[in-house]
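Hi there,

Here is the structure I promised to pass on. Have a look at it first, and then read on for what turned up.

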Amino acid sequence: MTKKAYIISAVILLSAFSGMMIANSGCNSSTAGSSEPVAVDSAVNEEAAESSTEKSTPTSPDNSIPEGASILMKCYPDFVKGYKEGKLQMSDGSTIVYDDGRQKSFVQKLDDADAEDMFAFKYDRKSWTPEYLQDAGRSRCELLFKKMYGASAQQVASKLINVKWFDANGNYGGASVKFTPVNGAAEHLKAVAAELSKMPQFKKYYKSEGTFYWRQVRGAKRQSAHSYGMTIDIGGNYKTYWLWSNAGASETAKIKYENKIPHEIVEVFEKHGFIWGGRWYHYDTMHFEYRPEILMANP
Ligand SMILES: [Zn+2]
């Protein structure tokens with residue numbers, strides 16, 4: 001073989017190989033999307049999944065998917081590709097334990113949440129008064145959220161884009177906010193803004209009090225939802241917060257509920273995948289967070 005012929009055949013081999021790689025990764029993502037077993041949402045199957053996780057028998061694959069895992073696959077398809085043997089199968093090839101099997105107190109479910117704990121609370125859309133200790137959405141599996149939105153301030157910030165928002169006078173487009181495009185969150189916020197702009201009677205509530213802010217929850221060691229760029233606070237002049245209305249209350253104390261944010265605004269956000277902090281027993285009524293999985297689990 002001449003030197004030239006050798007180089008040419010090496011190039012052909014290389015390009016065939018990279019073509020295979022591309023075809024293969026495309027194939028992987030389409031299989032994950034289409035041929036995953038359909039989720040079965042019964043308590044019986046959840047129990048079955050739990051017990052098989054404990055035994056961990058890789059030779060007999062567990063085909064039943066806990067309802068929460070199935071919801072995560074539907075809500076975050078770019079990241080959660082499947083569920084196998086007790087673990088969420090992520091698009092980067094890593095896995096996240098779905099249920100760590102530990103019994104947790106109310107506070108532990110917030111401070112040390114696995115993916116399953118995110119579904120431990122009720123998000124009741126039929127009542128405007130939260131039930132005792134029902135804080136759906138305050139539980140976040142940090143590993144999952146960091147994988148999706150970024151694991152550091154820099155990683156999250158590098159993805160943020162501008163979304164047209166309201167200024168202090170409630171004028172649509174008078175200001176913009178930084179939001180993450182990951183999981184379509186920014187697109188959904190755009191849709192919220194467009195809809196709110198058609199409800200000028202509430203414009204005094206629309207000004208943003210902040211979106212992205214990498215920080216830990218006051219008095220706790222877990223990351224605030226604002227760290228991930230998919231959360232917005234509005235209506236700062238009308239906000240109520242459980243701890244300010246109930247000074248000195250512990251996390252499990254019986255507390256008084258207070259809200260000044262119109263329900264019509266809440267319904268617009270919920271329509272586009274956001275949960276409202278005013279539906280938490282430990283309420284934070286200016287807080288809206290992109291959490292489609294909580295809405296899907298609580299229709
Ligand atoms: Zn907030």
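**Hairpins, a sheet and a core**

Leu88 has Ile96 in strand E3 as its bridge partner. Please keep in mind that this is a predicted model. The pairing of E2 with E3 (residues 95–97) is antiparallel and rests on 3 bridges. The two strands make a hairpin with 4 residues between them, and in its turn Gly93 has a positive phi of about 90 degrees.

E2 (residues 87–90) also pairs with E1 (residues 80–84), again antiparallel, through 4 bridges. Here Gly82 stands opposite Gln89 of E2. This hairpin has 2 residues between the strands, and Glu85 takes a positive phi near 50 degrees.

Strands E4 (residues 161–166) and E5 (residues 172–179) run antiparallel and are joined by 6 bridges. Trp165 finds its bridge partner in Ala175 of E5. Between these strands lie 5 residues, and Gly170 in this hairpin adopts a positive phi near 80 degrees.

Next comes the open sheet. Its 4 strands follow the order E6-E7-E9-E8, with antiparallel pairing. Strands E6 (208–210) and E8 (274–276) are at the edges with a single partner strand each, so one side of each has no neighbour in the sheet. On average, neighbouring strands of this sheet are turned by 35 degrees against each other, direction ignored. E7 (residues 231–234) and E9 (residues 287–290) pair over 3 bridges in the antiparallel sense, and Thr231 stands opposite Glu289 in E9. Helix H9 (residues 263–271) packs on the sheet and touches E8 and E9, its direction making about 145 degrees with that of E8.

Finally, the nonpolar core. Which residues touch the most other members of the largest nonpolar core? They are Leu72, Leu189 and Phe269, out of 59 residues in that core. Helix H7 (residues 185–196) gives the most to this core, contributing 6 residues. Domain 1 (37–99) and domain 2 (106–297) both supply residues to the core, so it lies between them. As general background, nonpolar side chains tend to be buried together in soluble globular proteins.

Leu189 may be a handy place to start browsing. Neighbours within four places in sequence aside, Leu189 is in contact with Val163, Phe179 and Ile232.

Definitions and conventions: Residues numbered from 1 in each chain as written. Predicted model: local features only at pLDDT ≥ 70, side-chain atom pairs only at ≥ 80, totals over all residues. Pairing = 2+ DSSP bridges. Axes fitted to C-alpha atoms, helices over the stretch in contact; angles between N-to-C directions. Contact = placed C-beta atoms within 7 Å. Core = buried A, V, L, I, M, F, W, Y, C linked by C-beta atoms within 7 Å. Buried ≥ 20, exposed ≤ 12 C-beta atoms within 10 Å, placed from the backbone. Domains from an automatic or database assignment.
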